[in-house]
Every structure is written in C-alpha cells, then in structure tokens.
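Subject: Handover of a structure

Dear colleague,

I am pleased to hand over the structure shown below. Please look through it before reading the notes that come after it.

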Amino acid sequence: MFRLLFLKIQKLHYLSLSLFLNMTSRTFTRLPNISNVLFMLSLVFSGNILQRATSLGINYGQVGNNLPSPDKVINLLRSLRITKTRIYDTNPQILTSFANSNIEIIVTIENQVLTLLQDPQQAFQWVDSHIKPYISATRITGIMVGNELFTDEDSSLIGYMMPAVINIHKALVQLGLDRYIEVSSPSSLAVLAESYPPSAGSFKPEVSSVMQQLLQFLDATKSPFWINAYPYFAYKDNPNKIPIDYVLFNRNIGMTDPNTRLHYDNMMYAQVDAVAYAAAKLGYRNLEVRVAETGWPSKGDAGEVGASPTNAATYNRNLMMRQFAGEGTPARRNSRLDVYIFALFNEDMKPGPTSEKNYGIFRPDGSLAYNLGFSTMSTTTANSESVTYSSYATKAKTTLEYWTILISAMIQVVMSRLF
C-alpha cells in the first residue's frame with residue numbers, strides 16, 4: 001500500500017536554520033552549564049547509551065530482485081547496530097534464519113488475509129502454523145494485524161481490523177504465547193482529522209468508533225499504538241511553506257504549540273504527539289505511541305520534491321542519532337520513542353512512483369544506497385551477492401568513528417534543549 005495519503009499540515013509558518021551543530025567557541029560560551037554535556041558523555045562511556053539504542057528498529061521489506069539471503073541480512077542489521085526488525089509477512093525462511101540471532105522481529109498479517117481471521121478457529125490455526133513453530137528459537141515480539149487499513153481512498157478494510165486483532169490475541173492466549181507477543185495494527189496519519197498544532201490532534205469521525213475499540217484493546221493488553229509517520233510527504237506537497245530543516249531533524253527555530261507551550265524542532269515528533277493527544281481525547285492518556293514506519297526516499301520522479309540521497313542520508317542519520325540518545329517527544333520527554341526506519345532495502349519490484357522503490361538504506365546487492373556518515377558499515381564486491389565487512393585492521397577506526405557519532409548525538413540533544 002502506498003504511503004502517499006498522510007498528514008495534511010495546516011498553518012505551518014516555521015523559520016528554518018541549518019542542521020548540524022557548529023561547535024565553535026562562540027557556541028560554547030552560550031552554554032549555561034557544560035556539566036550537562038559531560039554527564040551525557042559519561043553515559044556513552046559507561047555503556048548506557050547502547051541500552052537506549054534498543055528503541056531503534058528497521059523495516060525489512062522483500063519486494064525486490066536479488067536481495068541478500070536472510071543470514072546476510074542479519075549481518076547488515078548488526079552493522080547498523082540494530083537489534084529489531086519488522087517483516088511484512090511471516091516468511092518461513094526469514095523466521096528460521098533469525099533463530100538464535102537475538103534479533104527481535106515483528107511479523108505482519110497481510111491485509112488480504114484479514115477476512116479469514118474473522119473466524120476464531122481460522123485465527124487459531126494461523127497462529128498455530130505461522131508463529132508457534134518458530135517461537136522457541138526466534139524472538140517474535142509482535143504481530144501487526146494488517147497495515148494502514150484506513151486511507152482517504154479506501155476504508156473497506158477497517159471493519160475487519162478489530163475482529164482479527166481480538167481473535168489473534170485469543171489464539172495467543174490459548175497457546176500461552178500472549179506473554180511474549182504484542183498484537184496491534186499500524187495506522188497511517190490519515191486516521192487524524194486534525195494534527196496541527198499537536199494538542200489539537202483528533203481522529204476522523206468515520207474511524208473514531210474503531211479507534212476507540214482498538215485503544216481499549218491496547219490499553220487492556222498493555223500494547224502500543226503504532227503509526228506510520230512520513231514528514232517527507234508533507235514537505236513534498238508544500239515545500240514552499242514547510243522548512244526543509246524542520247522535516248529533516250536539522251537544527252531550526254521550530255514551532256511552539258500555542259495550547260501547551262511545548263516546543264517542536266521536528267515534524268515527526270509533532271506527528272507522534274498529535275496521535276497521542278487524539279488518543280487522550282478518547283480517554284487514553286497513557287497509551288504508548290510508537291512509529292512503525294518513517295523514512296525518506298533517496299530518489300523520486302520529477303514532481304517528487306526533496307527525494308534525494310543527501311536528504312535521505314540527513315533524515316535517517318539525524319533520526320538514528322536521536323534514537324541513540326534515547327529521546328522522547330516534547331509531550332513525553334521522559335519516555336523514549338520507539339521508531340522503525342523504512343526501509344532496509346531499496347525494493348525495485350514495488351509498484352507506484354520511483355520514490356516507493358528507493359526508501360532503502362541498502363541497495364539489493366547489500367551495498368549502502370548513500371553515505372550515512374557512520375563509516376563504511378558494509379561493502380560488496382562488484383557483481384556479487386556476497387556481503388563483506390570491515391577487516392580486523394579497520395575495526396579500531398570504525399569503533400572510534402561510531403563512538404564519535406554517539407558523542408555527537410549526546411551533544412546535539414543537550415544543545416537542542418538550550419536554544
């Protein structure tokens with residue numbers, strides 16, 4: 001399903017500045033307390049930062065030619081220091097290959113299967129055949145029931161969501177697996193009627209009843225509400241009014257919610273908080289909101305403004321740095337935000353515009369699609385499907401560069417709080 005029907009941003013009047021921190025003496029003289037920086041650096045060297053990085057995952061789509069085998073994908077994930085992934089089906093080869101890898105994996109029930117799951121017995125059989133055989137060795141931590149079941153152009157599937165969600169969860173309970181696996185269903189931002197300012201977030205009337213049922217289920221099972229959030233689409237549709245730095249996580253003046261006085265320096269956090277406020281209006285103030293998909297295309301058609309390797313690298317690099325720092329959104333500053341980047345690979349067999357095929361951090365052959373700035377995490381030999389990695393001789397350099405990126409992330413978080 002295309003991710004083209006997303007948030008319509010209203011009344012955006014943001015002033016933009018450059019992203020990357022200029023660590024000059026002039027900047028440091030403006031710091032009221034350098035001890036904040038030193039404290040966050042101490043987190044890096046104590047190892048706590050690595051625990052915080054577990055909030056970052058990546059989507060592993062498979063609609064492409066000549067993708068690396070699942071065992072090589074595991075190495076690619078490790079090269080990115082990512083231990084969480086999501087697939088869009090229950091591919092047996094992937095689930096088997098990921099056994100004993102210690103990588104958490106979320107599986108997806110395809111939209112076309114949902115009609116069968118209206119029957120509790122069919123749902124039980126699905127879990128018994130698609131999940132149970134792998135769970136002893138493979139860390140399946142979540143089941144996504146469909147993907148973006150409501151869009152502005154198609155609402156035919158939304159009615160199947162809750163019966164399927166409930167029946168899948170009941171099947172997990174029957175098999176004693178509900179303690180290990182969360183059940184949810186990711187939504188696009190098309191479910192929102194209002195999104196700006198974030199505190200005005202509300203669900204569309206046509207989905208409010210279903211959202212009420214979903215939120216009640218998620219609250220009862222202590223499961224998260226997942227959304228697909230793409231600032232790229234808002235920028236593409238209105239590049240003259242939406243500052244590029246605001247959507248790329250670059251340093252900028254940002255905006256302040258007039259109702260809460262909370263300051264936002266990037267659009268994705270504003271989108272997440274808009275969903276949280278919408279849930280709160282239905283009575284669920286403490287429900288966790290997570291991002292199932294977000295990303296930026298490295299290539300697009302002529303009319304797809306902003307799709308470029310530079311912007312894709314900037315968006316994903318800045319997002320990863322914030323994840324390494326364990327950031328939360330302005331409305332939930334003390335709770336780190338779980339985010340899954342879209343996507344691991346460019347997928348050349350996907351239908352739709354050129355951008356749909358070019359969200360990957362890696363090309364199908366396993367080489368990097370653009371420079372993320374994290375050194376050379378993986379390389380491939382010419383015309384070869386095999387993936388090779390840095391030699392032992394370069395590991396010290398790679399490690400040093402990695403820690404430099406993490407330190408930069410810590411400093412960026414502190415600086416963003418000061419200006």
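The notes that follow describe the nonpolar cores, the aromatic pairs, the salt bridges and one serine.

Please bear in mind throughout that this is a predicted model.

Nonpolar cores

The largest nonpolar core has 108 residues, and within it Ile143, Ile168, Phe225 and Met268 touch the most other members. The element that gives the most to this core is helix H11, spanning residues 267-281, with 10 residues. Apart from this there is a second, separate core of 5 residues, among them Ile106, Met144, Trp226 and Ala292.

Ile143 deserves a separate look. Setting aside residues up to four places away in sequence, Ile143 touches Ile106, Val107, Ile109, Trp126, Ile131, Ile168, Leu172, Ile181, Glu182, Val183 and Ser184.

Aromatic pairs

The count of aromatic pairs comes to 15. One of them joins Tyr88 and Phe342, whose ring centres are 6.3 Å apart; the planes stand at 85°, so this pair is edge-to-face. Tyr88 sits in the loop between strand S2 (84-86) and helix H5 (92-97), while Phe342 sits in the loop between strand S13 (339-341) and strand S14 (379-380), so that the pair links parts of the chain 254 residues apart. Tyr88 is partly exposed, at 22% relative accessible area, whereas Phe342 is buried, at 2%.

The rings of Tyr232 and Trp296 also pair edge-to-face, with centres 5.1 Å apart and planes at 70°. This pair, too, links distant parts of the chain: Tyr232 belongs to helix H9 (residues 231-237), and Trp296 lies 64 residues away in the loop between strand S12 (289-294) and helix H12 (309-324). Both Tyr232 and Trp296 are buried.

The residues of these two pairs come together in one aromatic cluster, formed by Tyr88, Tyr230, Tyr232, Phe233, Tyr235, Phe249, Tyr269, Trp296, Tyr315, Phe342 and Tyr359.

Salt bridges

Side chains of opposite charge can pair when their charged atoms come close. The structure holds 12 salt bridges, and three of them are set out here.

- Arg322 and Glu327 form a salt bridge, with their closest N and O atoms 3.0 Å apart. Arg322 is buried, with a relative accessible area of 5%, and Glu327 is buried as well, at 3%.
- Glu356 and Lys350 meet through their side chains in a salt bridge of 3.6 Å, N to O. Glu356 is buried, with a relative accessible area of 2%, and Lys350 is buried at 14%.
- Asp128 and Lys132 form a salt bridge between their side chains, at 3.9 Å from N to O. Asp128 is partly exposed, with a relative accessible area of 32%, and Lys132 is partly exposed at 43%.

A serine in strand S6

Which residues is Ser187 in contact with, leaving aside its neighbours within four places in sequence? They are Glu148, Met211, Phe225, Trp226, Ile227 and Asn228. Ser187 lies in strand S6, which covers residues 187-188. With a relative accessible area of 6%, Ser187 counts as buried, because the cut-off for that term is under 20%. Among its contacts, Phe225 is a member of the largest nonpolar core, while Trp226 belongs to the second, separate core.

With kind regards

Methods
Residues are numbered from 1 along each chain as its sequence is written. This is a predicted model: local features need pLDDT of at least 70, side-chain atom pairs count only at pLDDT 80 or more; totals for chains, interfaces and linings use all residues. Side-chain values use heavy atoms; hydrogens and water are left out. Helices (H or I, at least four residues) and strands (E, at least two) are DSSP runs, numbered from the N terminus. Buried means under 20% relative accessible area, exposed over 50%, partly exposed in between (1.4 Å probe, protein chains only). Contact means heavy atoms within 4.5 Å. Rings of Phe, Tyr and Trp (its six-membered ring) pair if their centres lie within 6.5 Å; planes under 30 degrees apart count as stacked, over 60 as edge-to-face and the rest as tilted. A nonpolar core is a set of buried Ala, Val, Leu, Ile, Met, Phe, Trp, Tyr and Cys residues joined through side-chain atoms within 4.5 Å. A salt bridge is a side-chain nitrogen of Lys or Arg within 4 Å of a carboxyl oxygen of Asp or Glu.
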